[in-house]
Amino acid sequence: MAADRAGAPVRAWQRMLSGRRLDLLDPSPFDIEISDIAHGLARVARWNGQTRGDHAFSVAQHSLLVETIFARIAPVASSAQRLAALLHDAPEYVIGDMISPFKSVMGGGYKDCELRLQRAIHLRFSLPAEPGVGLAKDIKRADQIAAYFEATELAGFAVAEATEFFGRPRGFSADRLDLAPRSTIWAQKAFLARFAELDAMRQGGD
């Protein structure tokens, strides 16, 4: 257990609604539940909530969008690889969605915590702790394409500004993507349903 400067123990775990206690310093796969992930991601806003619409565009919706785009980028990807795409931001159910500028300010400590959680989540759902280079690259590309359209359609970015930060996607258009901000309950249920579909496909040996 961590300690403060006076040597007193500091709580480094979070209690989840499932009853699990997840230790941020040493996260165990046994303390991770998909219900907690879906619940948390549906309530974490992308872009610090600075988006148009009656609802925040949640990380759960972003994750669904990234998995959709990933499937177009890698049409022969396995269900396990698509599951990895769906879970690419899963640590944010615990640590929130820090915008990139804030991550730069925080430095390596944030990234280390994020990586520990990501590895534990992957192990919990029988995925490799570390994705291969090719898979990581394709997921990152899908993430950047999603970010571009979220930025221009929801977050008030000009096309030139979004292109500078995320690149201009080729072969994709906003009208073919689900960018409508939806309620937390919708996002939570949709995320859980997609996880169940991909997991069933994987179990069936797709």
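Start by selecting Leu123. Leaving aside neighbours within four places in sequence, Leu123 is in contact with Pro29 and Ala129. Contact here means heavy atoms within 4.5 Å. This is a predicted model: local features need pLDDT of at least 70, side-chain atom pairs count only at pLDDT 80 or more, and totals for chains, interfaces and linings use all residues. Residues are numbered from 1 along each chain as its sequence is written, and side-chain values use heavy atoms, with hydrogens and water left out.

**Stop 1: Leu123**

Stay on Leu123. It sits in helix α6 (residues 108-124). Helices are DSSP runs of H or I with at least four residues, strands are runs of E with at least two, and both are numbered from the N terminus. Leu123 has 49% relative accessibility and counts as partly exposed. The cut-offs are these: buried is under 20% relative accessible area, exposed is over 50%, and partly exposed is in between, with a 1.4 Å probe and protein chains only. Leu123 and Gln188 are 65 residues apart in sequence and 22 Å apart in space, C-alpha to C-alpha.

**Stop 2**

Select α1 (34-41). Six of its eight residues are buried, so α1 is largely enclosed by the rest of the structure. Colour the buried ones: Ile34, Asp36, Ile37, Ala38, Gly40 and Leu41.

Step into the loop between α1 and α2, where Arg43 lies. Arg43 is partly exposed, at a relative accessible area of 40%. What does Arg43 touch, not counting residues up to four places away in sequence? Show Thr184, Ile185 and Gln188. For a distance check, pick Ala151: Arg43 and Ala151 are 108 residues apart in sequence and 19 Å apart in space, C-alpha to C-alpha.

Move on to Trp47, in the loop between α1 and α2. Trp47 is not a glycine, yet its phi is positive, at about 60 degrees. Asn48 lies in the loop between α1 and α2 too. Phi of Asn48 is near 55 degrees, again a positive value in a residue other than glycine.

**Stop 2: the aromatic rings**

A pair of aromatic rings is described by the distance of the centres and the angle of the planes. Rings of Phe, Tyr and Trp (its six-membered ring) pair if their centres lie within 6.5 Å; planes under 30 degrees apart count as stacked, over 60 as edge-to-face and the rest as tilted. By this rule the count comes to six aromatic pairs.

Select Trp47 with Phe166. Their ring centres are 6.0 Å apart and their planes are at 90 degrees, so the pair is edge-to-face. This pair links distant parts of the chain: Trp47 is in the loop between α1 and α2, Phe166 is in helix α8, and they are 119 residues apart. Trp47 is buried, with a relative accessible area of 15%. Phe166 is partly exposed, at 23%.

Next, show Tyr148 and Phe149. They form an edge-to-face pair, 5.2 Å centre to centre, with 85 degrees between the planes. Both Tyr148 and Phe149 are buried.

**Stop 3: α7 against α8**

Select helix α7 (residues 133-153) and helix α8 (residues 159-166). They pack at an angle of about 160 degrees, with their axes 9 Å apart. Axes are lines fitted to C-alpha atoms, for helices over the stretch in contact, and angles run from 0 to 180 degrees between N-to-C directions. α7 and α8 are therefore roughly antiparallel to each other. Under 35 degrees counts as roughly parallel, over 145 as roughly antiparallel, 65 to 115 as roughly perpendicular and the rest as oblique.

α7 passes α8 in a right-handed crossing. A crossing is right-handed if the near helix is turned clockwise from the far one by less than a right angle, and left-handed if anticlockwise.

Show side chains. From α7 come Gln144, Ala147, Tyr148, Ala151 and Thr152; they meet Val159, Ala162, Thr163 and Phe166 in α8. The residues of this contact divide into six nonpolar, three polar and no charged. Nonpolar covers Ala, Val, Leu, Ile, Met, Phe, Trp, Tyr, Cys and Pro; charged covers Asp, Glu, Lys and Arg; the others, Gly among them, are polar.
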